[in-house]
Amino acid sequence: MLKDWSVYFYGPNRELQSVFSLSLSSNGQVGVFPEQQENWNWIHSSLTAYIASEREKEIKKDIETQKERRSIRILNGFAYTGGASMWAARVPGVSQITHCDAAKSSVLWARRNMDMLNNTVLLNSHEKKRNDIDQDDPSQRERERDREREKEKEKESVRERERERENVLAPIRWITDDCLTFLKREIRREEKYEGLIFDPPAFGRGGGRKMWQIERDYPLLISLLPELLSEKPAFIVLSCHDRNWSKERLSSLLRESMKQYIGEIECGEMGLES
C-alpha cells in the first residue's frame, strides 16, 4: 500500500477545487470523506450566487472600494482536513474562511492540503498563460524567456507570484480548539458569519479534555447558530454520521432554531455510488 497519495476534486465547471493528501491513520480514516462532495458543490454554487447578488446591490449603491464592501466570512467547524474550507476559499469574493478543528493533527493536515491546492492552481495558471503566449505569438515566448533571465525582472516575477498567491484562495484563519468552546467565544466577541458549516462526529475529544457527544451537544450547537449569523446570511450546512440522526430530526431542530429567519431548508442523504 502507498504510504501517501493525493486525490483531486473538480467542480462542475472542471476547475480544481480541492486537493487531499491521503494517508492511512490509526483510526482507519484516510483524510477525506468523499460523500461530502455534493455538499461542497452546493457550498461553492450557493456562495458564488450570493456574492454575485451582493456585488450587484453594491454597484447600484455606487459602492466601489474594498473597504466599503461587505465582508463575506465563512466558518467551518469540525473542519477535519479542509474539504469545505477549500471549496469555499476558491470562490472569488470570499473575505475569510475560519477553519476550526479540535485536533491539531487535522488542522496541520488541512494546511498541507490548502498549500497543495494553492500551488497547483498557481502552476496551472502559469501554464495557461504560457500556452496563451505560445498560441498568440511564438516570438513573444523568446522575449519572455529573455526577460526572465534578467535579475531585476526575476525579482519582480517573484513579487508578482506572491500577489497572485494572495488572490488564488481566500485568507484562512486556522483555529485548533474545541468547536463549542470556540463558538461561545465568538458569540461573546459578537463575531458574525455569512456562512456556517458543521460536520461533527458522533463522538470525539476536544481541547482541554473536553468530550463531544452528539446526542448531548449537537442540539446545543444548533441553538447557537442564530447568534453567529450576520444580518444577511447566505447559508448553513449541517451534516452528521450517526444512524440516530435522521435528516428529518436534523432539519426539525434547525427549523426550530432558525424560525426568526426567512429561508428554505433542504435535506437529503449522503452517499457514494458504487
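I note that the model is predicted.

I then checked where Phe 235 sits, and the residue belongs to strand 9. I listed its contacts, leaving aside neighbours within four places in sequence: Trp 42, Ile 43, Ser 46, Leu 47, Ile 74, Glu 194, Gly 195, Leu 196 and Ile 197.

Next I turned to the largest pocket, which holds about 1200 Å³ of space. I counted 34 lining residues, and those closest to the pocket centre are Ile 236, Leu 254, Ile 265, Glu 266 and Cys 267. Helix 1 (37-60), strand 9 (235-238) and helix 8 (247-257) are the elements that each supply two or more residues to this lining. Helix 8 supplies the most, five residues. Sorted by class, I get 18 nonpolar, seven polar and nine charged residues in the lining.

I followed helix 8 to its packing against helix 7 (residues 214-228): the two axes come within 8 Å and cross at roughly 35°. I recorded the crossing as right-handed. From helix 7, I noted Glu 215, Tyr 218, Pro 219, Ile 222, Ser 223, Leu 225 and Pro 226; these meet Arg 249, Leu 250, Leu 253, Leu 254 and Ser 257 of helix 8. The residues of this contact are eight nonpolar, two polar and two charged.

Definitions and conventions: Residues numbered from 1 in each chain as written. Predicted model: local features only at pLDDT ≥ 70, side-chain atom pairs only at ≥ 80, totals over all residues. Heavy atoms only, no water. 1 Å grid on protein atoms, 1.4 Å probe; cavity = no way out; pocket = protein on both sides within 12 Å on 5 of 7 lines; lining within 4 Å. Points joined across faces, edges and corners; volume = space filled by probe spheres on them. Helix = DSSP H or I, 4+ residues; strand = E, 2+ residues; numbered from the N terminus. Nonpolar A, V, L, I, M, F, W, Y, C, P; charged D, E, K, R; others polar. Contact = heavy atoms within 4.5 Å. Axes fitted to C-alpha atoms, helices over the stretch in contact; angles between N-to-C directions. Left-handed = near helix turned anticlockwise from the far one by under 90°.
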